[in-house]
Amino acid sequence: MHLAHIADPSGSTTAPAADVAAISGGVNLLLTGTDTRTGQGGAYSTSAELAASAGAGNNDVTMLLHIAQDHHSASVISFPRDLMVAVPTCPQTDGSTASASNRVMLNTTLARGGLSCVVVTIEKLTGLQIPFAAQISFDGVTAMSNAVGGVTVCIASPINDLYTNPPLHLAAGQQTILGDEALSFLRSRHGVGDGSDLGRISNQQVFMAALARKVESGGVLGNPVALYALAKAATGNMLLSDTLTNPTTLVQIALALKDTGLANMVFLQYPTVADPQDVNRVIPQSTGATIVNAALVADQPIVLSGLPGRAAVIDKSAATATATPPPTPSTSASARTPGVATPTTTTPTPTGAVLPSTVTGQTAAEQTCSKGN
């Protein structure tokens with residue numbers, strides 16, 4: 001199902017019954033984060049900020065959530081903003097269309113044709129059909145981080161970034177971040193890893209894995225009432241496809257992850273290599289991208305064999321226990337980092353499509369730390 005239009009995020013006002021069921025079958029949901037300053041208020045309303053990005057803005061964050069048909073595995077694939085891709089024709093709000101192109105930077109697709117254009121671009125790249133989509137802005141990220149009560153992340157070395165708004169200063173250790181600080185953490189590029197967008201992706205994966213552990217340990221995924229409160233916050237702070245405007249649909253999607261298990265939730269960066277035409281851009285890495293695309297289309301679990309990305313390291317101090325039954329060796333933390341045991345999971349790790357070791361990422365079970373540059 002393609003996006004017919006982007007609807008007003010009002011949704012249903014009726015809370016779902018406590019026995020609401022998980023959505024049937026698999027899920028493909030695209031999340032974009034826009035860097036637009038329009039309507040964000042405060043420091044973002046200055047002429048300099050508005051000149052940086054206004055209107056629809058750029059989709060500096062583009063993530064695809066794939067939940068398997070049997071709900072036993074899930075993947076979140078982050079697509080680099082600097083990825084050069086082929087883009088199909090994209091409808092415009094005035095009824096015209098933006099022409100197709102074989103070479104467009106991914107983060108320009110939101111301004112090219114709105115959220116629908118980002119969706120059809122990722123559909124073309126992966127071969128999937130994506131019926132659900134959401135767009136979030138700066139103030140939406142702030143509101144959603146407050147809605148979940150903040151997230152505690154591990155900081156391996158101090159992170160300082162004067163380019164975020166507000167500036168980011170995090171000492172080493174366990175830090176609970178929310179609100180504007182969470183926004184700055186997720187946006188930070190200059191302060192983490194090697195200062196690249198690829199480093200920023202792995203920093204975001206540290207946050208997302210920590211969020212998944214918090215939600216799982218708090219029993220939120222088994223509590224439709226708690227999920228409904230978060231779903232209402234989402235509908236009030238995101239631009240949603242018409243398939244997502246009812247909060248109950250969001251609850252049903254979240255419930256599909258209830259029995260997945262943290263070790264079976266994989267966060268990865270879409271496989272890329274440097275663009276031979278431009279050192280500041282990347283293109284799909286043929287072998288890895290082919291495996292990822294085929295696994296998604298065939299609804300196979302994705303299995304990592306590499307390490308976390310440029311701005312993340314395994315937290316060797318985390319107390320972990322061996323999973324039962326043992327996971328595939330290539331997916332365990334002990335296989336990826338000597339001396340680090342595999343985190344506990346209640347769901348057996350499924351076998352699936354093993355990615356090359358050059359593909360970076362982590363599972364939600366692996367406790368990682370962000371590192372400054």
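**Close-ups of a predicted model**

**View 1. Helices H3 and H4 are oblique to each other.** Angles under 35 degrees count as roughly parallel, over 145 as roughly antiparallel, 65 to 115 as roughly perpendicular and the rest as oblique. This is a predicted model, where local features need pLDDT of at least 70 and side-chain atom pairs need 80 or more, while totals for chains, interfaces and linings use all residues. Residues are numbered from 1 along each chain as its sequence is written, and side-chain values use heavy atoms, with hydrogens and water left out. H3 covers residues 138–147 and H4 covers residues 179–187; they pack at about 120 degrees, with their axes 8 Å apart. (Axes are lines fitted to C-alpha atoms, for helices over the stretch in contact, and angles run from 0 to 180 degrees between N-to-C directions.) On the H3 side, look for Phe138, Val141, Thr142, Ser145 and Asn146; they meet Gly179, Asp180, Ala182, Leu183, Leu186 and Arg187 in H4, contact being heavy atoms within 4.5 Å. Sorted by class, that makes five nonpolar, four polar and two charged residues. (Ala, Val, Leu, Ile, Met, Phe, Trp, Tyr, Cys and Pro are nonpolar, Asp, Glu, Lys and Arg charged, and the others, Gly among them, polar.)

**View 2. H3 also packs with H6, roughly antiparallel this time.** The two axes come within 10 Å and cross at roughly 170 degrees. Here Gly140, Ala143, Met144 and Ala147 of H3 meet Leu230, Ala233, Ala234 and Asn237 of H6. This contact has six nonpolar, two polar and no charged residues.

**View 3. Helix H7 is mostly covered.** Eight of the nine residues in H7 (residues 247–255) are buried, meaning under 20% relative accessible area, with exposed over 50% and partly exposed in between (1.4 Å probe, protein chains only). The buried ones are Pro247, Thr248, Thr249, Leu250, Val251, Ile253, Ala254 and Leu255. What sits over them? The cover includes strands E2 (27–34), E3 (59–67) and E9 (132–136), plus helix H6 (224–237). At the start of H7, a side-chain oxygen of Asn246 reaches to within 3.0 Å of the backbone nitrogen of Thr248.

**View 4. Gln362 is tucked away in strand E21.** E21 spans residues 361–363, and Gln362 is buried, with a relative accessible area of 1%. A polar atom of the Gln362 side chain lies 2.9 Å from the backbone oxygen of Glu366. Pro308 is 54 residues away along the chain, yet its C-alpha atom is 5.6 Å from that of Gln362.

View 5. The peptide bond from Asn165 to Pro166 is cis, with omega near 5 degrees; Pro166 sits in the loop between E11 (159–161) and E12 (168–170). His71 isn't a glycine, but has a positive phi of about 65 degrees. You'll find His71 between E3 and E4 (74–78), buried at 16% relative accessible area. Asp299, also not a glycine, has a positive phi of about 60 degrees. Asp299 lies in the loop between H8 (286–298) and E18 (302–303) and is partly exposed at 23%.

**View 6. Zooming back out, the protein chain has nine helices and 22 strands.** Helices (H or I, at least four residues) and strands (E, at least two) are DSSP runs, numbered from the N terminus. Of the chain's 373 residues, 54% count as buried. Among contacts between residues at least 6 apart in sequence, 70% join residues at least 24 apart.

Notes
A polar contact is a pair of N or O atoms within 3.5 Å; within protein, one must be able to donate a hydrogen and the other to accept it, and residues adjacent in sequence count only if both atoms are side-chain atoms.
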